[in-house]
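Here's a quick briefing to read alongside the model. Have the sequence and the 3D view open as you go.

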Amino acid sequence: FVNYGKVLVERFKGRVKYWIVCNQVNLIPTVQFGSLGIYDDQAENMEELMYQAVHHELVASALAVKKGHEINPDFQIGCMLAMVPFYARTCRPQDEIAAQIAMEHRLYYYGDLHVFGEYPSFMKAFQKERGIVLDITKEDLQYLKEGCVDYIGISYYMSSTISSIETDDSIKVAEGFYVARNPYVEKSDWNWQIDPQGLRYSLNLLHQRYHKPIFVVENGFGAYDKMENGEIHDQYRIKYLKAHILEMKKAMVLDGIPVMGYTPWGCIDLVSAGSGEMEKRYGFIYVDKDNLGNGTLERKKKDSFAWYKKV
C-alpha cells in the first residue's frame, strides 16, 4: 500500500497539494466487506478480526502519510471521516452516555489514531473487556506516531439520534443502543435526517477535540429527480446545500473554526454507494439512466447547476 501511495505522490507531487489516504475509514463497523474485504465467516471472532484489520489499515495510512511528507514537506495530508454526530434522544443520563459511546466507537477511535497517533483509553478498556487481543508491534505504535495527519476531511450528510431504550420508532444497532427518529428535523426519502445545524455542531466538536483544519469533502442531497419539459427543478437540493453552507459559514465566522475547503457530493449523477441505486441522485447534472440500466446516458443540467456555479 505504501508503495502504491509513493507512486501516486511522486507522479503528482508537482500538481497536487492536498491528499487523503483512506476514505471514510470509520465506516468499517457497518461496511466490513466493502471497507476491509473480510467476510463474517473468516474467523471465529469476527469482532477481533475487524479490529485487527482496522489496525493494519491505519498503520498503512500512517506509513503513507510519513512517506508523503518525506517526498514533499509542503504536502497537506489528511484523513477522511464519515461525520455523523450522535445526539442523545432525551436528557436521560443513560441516553447521554449511549450517545457518547457511539461517538467514541464510530468516530473518535479512528480520528484519535489519525491525529494523535495512539490508541484512546476507551478503546483499550473496551478491547480488554471484550477479550480482544490484537497483534500490535512496537514498530506499529512508532509508525502511528510518525504518520499523523495535517487536517481532517469529513463527509457530512445527516445527524443521528441514539436512545438507550427501545422506542416505537427506533432500530436496535447493539445491546443498549437504538437509533431513533429525531422529531425536530426533516428527513429525506431515504430516511436520512436533514440537519444543517448538525454540520456547524460537527465542525465545533472536531475542532475542540483535534485542533486541526477541517475540509468538508462531501456534502449533498440524494433525491428522486423528475424531468419536466426537459428540465429538472431541484429546488430541494438547492435548499439543502444553501442551508448547510450557511451553517458552515457560521462555524467559520462566529465560532472561529478553520474550515479549509468545501466540495459537494456530487457534480454528476452516479450510482449511490449507500443504496446501490442510480435513482438516488446527488448531482448538479442529470444522467439519463435508471436502476435497471435503461437510458441513453444523456446529460442535462439541473437548476442546482446554475445556482452552485454562482456559489
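Phe12 sits in helix α1 (residues 2-12); helices here are DSSP runs of H or I, at least four residues, numbered from the N terminus. This is a predicted model, where local features need pLDDT of at least 70 and side-chain atom pairs count only at pLDDT 80 or more, while totals for chains, interfaces and linings use all residues. Residues are numbered from 1 along each chain as its sequence is written, and side-chain values use heavy atoms, leaving out hydrogens and water.

**Surface**
- Phe12 has a relative accessible area of 30%, so it counts as partly exposed (buried is under 20%, exposed over 50%, partly exposed in between, with a 1.4 Å probe and protein chains only).
- Phe1, Tyr4, Leu8 and Phe12 make a nonpolar surface patch of about 390 Å² (patch residues have over 30% relative accessible area and no salt bridge, with nonpolar side chains joined within 5 Å and like charges within 9 Å; a salt bridge is a Lys or Arg side-chain nitrogen within 4 Å of an Asp or Glu carboxyl oxygen; areas are Shrake-Rupley).

**Core**
- The largest nonpolar core has 68 residues, and Tyr109, Ile154 and Leu203 have the most contacts inside it (buried Ala, Val, Leu, Ile, Met, Phe, Trp, Tyr and Cys joined through side-chain atoms within 4.5 Å).
- Helix α4 (residues 93-115) gives this core its largest share, 10 residues.
- Beyond four places in sequence, Ile154 touches residues including Met80, Leu199, Leu203 and Phe215 (contact: heavy atoms within 4.5 Å).

**Around Ser61**
- Ser61, in helix α3 (residues 46-71), counts as buried because its relative accessibility is 2%.
- Setting aside neighbours within four places, Ser61 contacts Phe1, Val21, Cys22 and His114.
- Ser61 and Val21 are 40 residues apart along the chain, with their C-alpha atoms separated by 6.1 Å.

Key: Areas by Shrake-Rupley, 256 points an atom, 1.4 Å probe, with all protein chains shown as cover. Helix = DSSP H or I, 4+ residues; strand = E, 2+ residues; numbered from the N terminus.
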